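These notebook entries record what I looked up in the structure shown below.

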Amino acid sequence: MKLKTALTLRLGTALLLCTLFLLPLPAQYTDGKSLRPVKNVILMISDGTSLPVLSASRWMRRYQDSTAQNLHLDPYLCGTLVTYSSNAPIGDSAPTTSCYMTGVPSITGFIATYPYSQPQNDLVRLDATRAYRPMATLLEIARLETKRKVGLVMTSEFCHATPADCSAHSYDRKRYDWLVPQMVHNSIDVVIGGGSGLLTKEQVQFLQQEGYTVFRDQLEEARQDTSSRTWQLYGKRSIPYNLDRDPKHFPSLAEMTERALEKLSAGERSENGFFLMVEGSKVDWAAHNNDPVALIDEFIAFDDAVGKAIDFAKRDGNTVVIVTSDHGNSGFSIGRAGFPKKYDEASREELFGFWSKIKRSAEGMAQLLNSYPYSQVQSLFEQYGGFRLEEDELAALQHCKGYKNSPLSEAEKDSREVSPTLYNSNLSRLICEFYKRRLPVGFTTHGHTGEEVYLAIVAPEGVSRLIGVNQNYQLASYMKSLLGIDAPLESYSNRYFAPHTELLRGRSYKLAKNGKGEIVLSVREKKGMRYEVQAFSNVVSIYKGKKLIGQAKLPLATVYVDKTDCLYLADSFLELLDQTK
C-alpha cells in the first residue's frame, strides 16, 4: 500500500511538473520603461559561455591591466536567460539560437525549423502538424517587413549553427549543402567571418551579380572596401583562435564588428536601421576542448567586440545592444581539487600569473608541434607556454597518435605505456591536459550544460530592458517589439514558407530531381508557360515552351525537407503564376 501511494505521488508530481512547463509562463520581466521600437538592434552571442567564464575573464583582464576592473558588458548586466530545447533542458546552439530568432525552442540540430513533438518530453506546447517546417527568423522578417539592413559576424564558418539560425533552415545543422545556398540567396547585406573555402565559384558569381563585393582571405583589400553590401570570409573553415590569429591575415572579432556597423549604418537603406548578429563562436569550441587558455582569451576578444557595439550605440542614441550566450558548456570552474596549493588561499598571481603567460591555444600549440621536429618540443613549450614538460608528459606526447613528429613509430604508440589519466590520442586534447595540470580550473564535461546564461542590455534612455530571469523565447518577444514587428511570428512563417502541396493545390506541378540531382519544382501554366525554382534558391526561371524568357526573385530561398517531401516557399510565388491568367 505504501509503495502504491509513493508511486501515485511521484506520478502526480511528474504530471504537475509537465503541466507547469506546458502552461504559458508569466509575461517577461522588464524594468517598467517603454518597450518601443528602436532603429537598430545588435544581438551579440558568446556561444557556449557559462557564467564562471565571465568571472575568470574579468579577473584575467584585471590581472593584465590594473586600470581595467570590469568587462565592457559589466555595467549592463541585467539578468539571466533560461535556455533549453523543446524536449530537453540542455540545448545546443542550433535549437537555442533558433529560439532567440523564432520564439520557439527547437530540437538538437534543428536550424530555425519547427520541432517534432515528443509528448512525454515536450517542455512547450507544440503543433504536431508543423513538424520540420521552416520558421521565419527575426533577421529575415526585419529585412522583409521593416526594410532594415541585416548582417552577420562570426569567428566560425558563416554557416555554423548560430549564424545559420538567423538566416537559413534545416533539421540537420551539418547539411552545409543546404545551408550555404540559402544564406547566399537570402540577401544578407553584410557577412563577415570564417569559411572562405565554403563558397563555390557559382555562388561567388551570384553574389557579385547581386551587387556584393566578395573577399576571400583578402584582408587588406577588404579593409579598403567602401561598398555597403559585402561578404568577407577568412580561413578555409573558421578564423583561428584569437591567441593563434595572425593579424596580417585574420581580423579580430572587434574589427569585424566595427566594419559591419560602419557598412550597415551607411549607404542605401540605412535610414531604416539594421539588425546585426555578432557571434563569439569559438568560446564554445574552447569549452568543448576543455582549453582554459583559449576559453578566456576568446571571451575577452568577444568582450572587446561588445565594447565596439556599445560605443556605436552611445553615439547613435537609437540602438539596443543585447549581449548573451545560447547555452552553458563544459562545467568550467575557477578552483579545483588537486591544485598544487590550497586554491582558496592562492593569490591572484598564483591563480592568473602563469595562466597569462601561455601564448597559444592548445590547437595552436598542436600545430606548432606538428610543424617542428621533436628536438624542439621543450623550447616550443618554454617559448609559447612558459613551462617545460615533465617526463610523464613527454611520454604521453610521444605516444599520442595525433603527434606527427613523435620519435616513435605508429606501431610503437601504445596507450598502455602511458598513464591512463594523461593519455589522449588527440594532440590538442592532450595539450589541454598539460595546461589544466598547471592551472586552478576544473571542467566537468566536454559537452553542453544546462544552467541559465547571462544577459546584458544597452538601451537608450527610456527604452525598457529585460531584467531578472527570463525564458529563451521571451528574448525573441523582446527583440520583436524592438524591431516594431506586430504580427505573430508564425504568420510570417506561413507567408514565406508555405508548403508547395498547399500553395499549388489545383495546379499542374512536379517536384523531382533534375539531371544534376538537384530538387526542382516545375509548375506548368497556360499558354505554354513553365516556372521552375530550385530548392535552396530564390531564383525562379520562367520558360515559354523550352525557351528561357526571364527570371524572377522570391523574397527568400526555398527550403526542401525530405522528411515531408515538401518544398516550402513564399506565397508570392502565386503572383508570378497568376501573370499568365
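**Strand pairing**

I noted that strand β15 (residues 498-499) and β22 pair in the antiparallel sense over two bridges. Strands here are DSSP runs of E of at least two residues, and helices are runs of H or I of at least four, numbered from the N terminus; two strands pair if DSSP finds at least two bridges between them. The model is predicted: local features need pLDDT of at least 70 and side-chain atom pairs count only at pLDDT 80 or more, while totals for chains, interfaces and linings use all residues. Residues are numbered from 1 along each chain as its sequence is written, and side-chain values use heavy atoms, with hydrogens and water left out.

I found Pro499 opposite Tyr568 in β22. Strand β21 (residues 559-561) is joined to β22 by three bridges, also in the antiparallel sense, and Val561 has Cys566 as its bridge partner. The two strands, β21 and β22, form a hairpin with four residues between them. In that turn, Asp565 has a positive phi of about 50°.

I then asked which residues lie on each side of β22 (residues 566-569). Cys566 and Tyr568 are on one side, Leu567 and Leu569 on the other, and all are buried (under 20% relative accessible area, with exposed over 50% and partly exposed in between; 1.4 Å probe, protein chains only). In a regular strand the side chains alternate between the two faces of the sheet.

**Cysteines**

I searched the whole structure for disulfides (cysteine sulfur pairs within 2.5 Å) and found zero.

**Cavities**

I found two cavities of 30 Å³ or more. A cavity is a set of points on a 1 Å grid over the protein atoms alone where a 1.4 Å probe fits but cannot get out, and lining residues have an atom within 4 Å of a point. Volume is the space filled by probe spheres set on the points, which are joined across faces, edges and corners.

The largest cavity holds about 80 Å³. Helix α11 (residues 292-316) gives the most to its lining, with three residues.

The second largest cavity holds about 30 Å³. Its lining includes His169, Trp178 and Val561, and β21 supplies the largest share, three residues.

Key. 1 Å grid on protein atoms, 1.4 Å probe; cavity = no way out; pocket = protein on both sides within 12 Å on 5 of 7 lines; lining within 4 Å.
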